[in-house]
Amino acid sequence: MRFLRKPTILVLVVSTLLVVAILRPWTPKPTSAVDLRNRASASAERLLEERVRHSPGKYEHIPYRLKVSVAGLLANNGCVCEGEEGGVNLPFSQVLFPRVGAYSLDRAFQASELEEVQRRRAQEFHSFQMRYQTPVDLLIVAKANSPLEFPTQGVEVRPLKTILIPGLGVQGLSHDHYVVNLTATLGTFDVAAQVEGVTVRGDAEMHMSFSTSLLPQLNRQLQFVTYTNTLFHPNTADTVQFETDGHQALFTIKIRHGVTPKLYNPGPKGGGAFAPCGCGPCHQFLSLISCLLTFLSSPSDYNISALVTIATKTFLRYDKLQVLIDSIRSFYPTVTIVIADDSKEPQPMRGPHIEHYTMPFGKGWFAGRNLAISQVTTKYVLWVDDDFIFTASTKLEKLVNVLEKTTLDLVGGAVREITGYTATYRQTISVEPGGEEGDCLHMRRGYHHTIAGFPHCVVTDGVINFFLAHTERVQQVGFDPRLARVAHLEFFIDGLGSLHVGSCDDVVVSHASKIKLPWSQSEAEKTYAKFRYPAKSSDASNTKNGLLYFKNRFKCLTHN
């Protein structure tokens, strides 16, 4: 008994830790959030002074009392990445009590090459700013009590086209004579009609002036002012200066082509909907009654076959891929499946509604995702790993419904492991502005807020490898093909600021068991493991960190 007591206690302790790890809520509570901001009072004061530099200098002599708790929230130009020190070093301690880790991304380069890499990165960043910053991004401060009326936003013209400028006027002045001036840089002014008693100078020029002794006539004339873009650019803005009697205002006119719609035919309602029963998992694990109840409770207005294409990337795991296909066909018999395959000796995957594309051997994870996504012609694409298994809980109609009724671009589901643990891998991603050395990237488990009308769904920034997305939006962000072995959140980092991401935990796909005894592994499985799980010191990790440093201009990252 004494001999068995210690092992028994050890097993109980380990089991308890595992249960706690599974049941522990993964969303960090606000009170446990790690604060990485600089909180020094002097730094906050300098930052506040920078923010109020646009205020008139005549107020500088007036003292103020700094509110550090608020001033410290302002964006800083000298961000730092700091990890948490200490902690309990026990089995599963990082799972049970995750600590924030910090990493300097310039470690991906040798010391001898770092200076040249930094020079090239600074040059490319300057070019990036020149390409993507427009006058719309410039700060414009309106002067107090200006008599000028003008549009503050919403004025737009197609390149090389003409519009009437709405909302121009002068109010609250009483003079014997009025003079108003307009000045542009990317176009010219004119008038669509002439008002008697108003003198107009500068027809079809970048500067136009109006003079009159009659204010009502002046305002009437300003209603007919036109703007014509003369310097072509597909997407930019002109900053217009509007001035009279010492008063000046600035407003922008957007110059851009209208967005060309790309519409997808949703097909007739109900086609290709969730099949209640079949020869797959539903038939094997559920009774006929539960199958029918599942079918009746799922949305039926969406033609899934017309709306959704399922895409996956495979490498050597044809047995698992076939299980995935069979499980999909149990519920969605006519949905198109696109497969990208970079195995050394590809095995043909045949069948109705299957498209199998082969690639050079070991081309890589993200390259395969690009290939698969590029062949999708439906409105939505569902991304799945090749070792997933569809079940009665994998109701694509629910995910389609979320995208159809919200502004989300992408919505993730949940993946259930063989142990019963279900993961959504929700991640919030934020960027803290830095200086010349680059910005700071912060990633945390969690989400921003729930979605009204969808109690099981939240808004977040990154999700697990099971998601439905607008095909066009995923194609616009793309997958960097240089990430061949280790990559996932890099796609969401590239899409930060453009992708609106959600996550729903009530649409679940199963994950094939990863439990495999070493002596029972096939040669294909050994080869797969070698490619899939490279060492942390390998070129794959350096490539990932090097791209974050150079391409995304991050100097460091923190994560938990």
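**How to read the model**

This is a predicted model: local features need pLDDT of at least 70, side-chain atom pairs count only at pLDDT 80 or more, and totals for chains, interfaces and linings use all residues. Residues are numbered from 1 along each chain as its sequence is written, and side-chain values use heavy atoms, leaving out hydrogens and water.

The pLDDT is the predictor's confidence in each residue, from 0 to 100. For the protein chain its mean is 82, and 76% of the residues reach 70 or more. Over residues 22–41 the pLDDT is below 50, and this stretch has 27 contacts in the model beyond near neighbours in sequence (a contact means heavy atoms within 4.5 Å). Residues 276–298 also stay under 50 in pLDDT, and the model gives them 28 contacts beyond four places in sequence.

**Disulfides**

Let us turn to the cysteines. A disulfide is a covalent bond between the sulfur atoms of two cysteines; here it is counted when the two sulfur atoms are within 2.5 Å. The structure holds 3 disulfides, listed here.

| Disulfide | S to S distance | Angle about the S-S bond |
|---|---|---|
| Cys-79 and Cys-440 | 2.1 Å | 90° |
| Cys-81 and Cys-556 | 2.1 Å | 75° |
| Cys-457 and Cys-504 | 2.0 Å | about 110° |

Where do these links sit along the chain? Helices (H or I, at least four residues) and strands (E, at least two) are DSSP runs, numbered from the N terminus. Cys-79 lies in the loop between α3 (68–71) and α4 (93–96), while Cys-440 is in strand β21 (residues 439–445), so their bond ties together parts that are 361 residues apart in sequence. Cys-81 is in the loop between α3 and α4 and Cys-556 in strand β26 (residues 554–559), so this pair ties together parts 475 residues apart in sequence. Cys-457 in strand β23 (residues 454–460) and Cys-504 in strand β25 (residues 501–511) are 47 residues apart.

Buried means under 20% relative accessible area, exposed over 50%, and partly exposed in between (1.4 Å probe, protein chains only). Cys-79 is buried at 1% relative accessibility, and Cys-440 is buried at 0%. Cys-81 and Cys-556 are buried, and both Cys-457 and Cys-504 are buried.

**Aromatic rings**

Next come the ring pairs. Rings of Phe, Tyr and Trp (its six-membered ring) pair if their centres lie within 6.5 Å; planes under 30 degrees apart count as stacked, over 60 as edge-to-face and the rest as tilted. The structure holds 14 aromatic pairs. In one of them, Phe-125 and Phe-128 have ring centres 6.3 Å apart and planes at 15°, so they are stacked. They are 3 residues apart in helix α5 (residues 111–132), about one helical turn. Phe-125 is partly exposed at 26% relative accessible area, and Phe-128 is partly exposed at 40%.

Phe-366 and Phe-479 form an edge-to-face pair, 5.2 Å centre to centre with 80° between the planes. Phe-366 is in helix α11 and Phe-479 in the loop between α13 and α14, 113 residues apart. Phe-366 is buried at 1% relative accessible area, and Phe-479 is buried at 3%. Ring pairs link both of them into a cluster whose members include Trp-365 and Trp-383.

**Helix α11**

Which residues of α11 are buried? They are Trp-365, Phe-366, Ala-367, Gly-368, Arg-369, Ala-372 and Ile-373. That is 7 of the 10 residues of this helix (residues 365–374), which is mostly covered. The buried residues pack against elements including β13 (308–314), β14 (336–341) and α14 (489–494).
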